[in-house]
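Could you walk me through this structure a piece at a time?

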Amino acid sequence: EVQGKIIQRAREMGYVRNRTAVALQSGQTGAIGVLIHPWGERGTEISDRFVRGVSDALGANTYRLWLTFFEQDSDFFRRMKIEDLPRQIDALIVAGVPHPSLLPHLENLDKSGLPVVMAEEDAKPSRLINIAIDTNCQGRLPTEHLIARGCRKIAHIAVMKSRQQGYVDALRAAGIRVERRHIISVPDYKMESGRLAVRE
């Protein structure tokens, strides 16, 4: 009965739980870390949409977003102390361009009790959960579509091996010879690389 009166009075006063106090009591921070090496060229929406999606999902579940961007392994280690992460966040999402050299560090974090989930394309196999798009399918489906429209000489601008393999699989399944000269390899997704590939 006393507890009910206290809860009722708290509602009347508009009481809101103090996250810091709750964190001290439960050992949780109420924050999820998101560490991103952005996909694609600066100004594209891929990373922006990813962050918005994560932010919406966390907000709906009353978690806060703890966001850091990085591009080199050295950025990762400079911007955060791995041993301090479990005190700052309740879980970590690592997304974007894969960094295979970081995998042992992330796996150790996960083993130590800080859940780590990845969202990386073409990530190296790992014990960590990786939520990703089927990049082989991304190469295969457009090629099958062009073949169905009657195309027989189809070029492929290759950045990612699994997308290239999807392209090759679709050609072979249709009985079309794979022409190595039709596969133009580029080092990255930058606009200049695209220009050079199309010129070639």
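Let's begin with helix 6, which runs over residues 103–111: in this predicted model, Leu103, Leu106, Glu107 and Leu109 of that helix are buried. How are these buried residues arranged when you look down the axis of helix 6? They fall within an arc of 155 degrees, so they line one face of the helix. There's a handy bit of background here: an α-helix has 3.6 residues a turn, so residues three or four places apart point the same way.

And what covers the buried residues of helix 6? The cover includes helix 4 (73–79) and helix 5 (85–88), along with strand 3 (91–96) and strand 4 (116–120). Just after helix 6 you'll come to glycine 113, which takes a positive phi of about 115 degrees.

Now let's look at some rings. A pair of aromatic rings is described by the distance of the centres and the angle of the planes. If ring centres have to lie within 6.5 Å to pair, the count comes to two aromatic pairs. Take phenylalanine 70 and phenylalanine 76: their ring centres are 5.9 Å apart and their planes sit at 65 degrees, so this pair is edge-to-face, since that label applies to angles over 60. The other pair joins phenylalanine 76 to phenylalanine 77, and that one is edge-to-face too, with 5.0 Å from centre to centre and 90 degrees between the planes. Put together, Phe70, Phe76 and Phe77 form one aromatic cluster.

Next, head to strand 2 (residues 64–69), where you'll find leucine 65. Leucine 65 has a relative accessible area of 33%, which makes it partly exposed. Together with Leu67 and Phe69, Leu65 makes a nonpolar surface patch of about 220 Å².

Our last stop is a loop. Histidine 182 is found between helix 8 (161–173) and strand 7 (183–185). With 15% relative accessibility, histidine 182 counts as buried. Which residues does histidine 182 touch, if you don't count those up to four places away in sequence? The answer is Lys153, Ile154, Ala155, His156 and Tyr167.

Key. Residues numbered from 1 in each chain as written. Predicted model: local features only at pLDDT ≥ 70, side-chain atom pairs only at ≥ 80, totals over all residues. Heavy atoms only, no water. Phe/Tyr/Trp six-rings, centres within 6.5 Å; stacked < 30°, edge-to-face > 60°. Helix = DSSP H or I, 4+ residues; strand = E, 2+ residues; numbered from the N terminus. Buried < 20%, exposed > 50% of the residue type's maximum accessible area, 1.4 Å probe, protein only. Contact = heavy atoms within 4.5 Å. Arc of directions from axis to C-beta. Patch = residues over 30% accessible without salt bridge, like charges linked within 9 Å, V, L, I, M, F, W, Y side chains within 5 Å. Areas by Shrake-Rupley, 256 points an atom, 1.4 Å probe, with all protein chains shown as cover. Salt bridge = Lys/Arg side-chain N within 4 Å of Asp/Glu carboxyl O.
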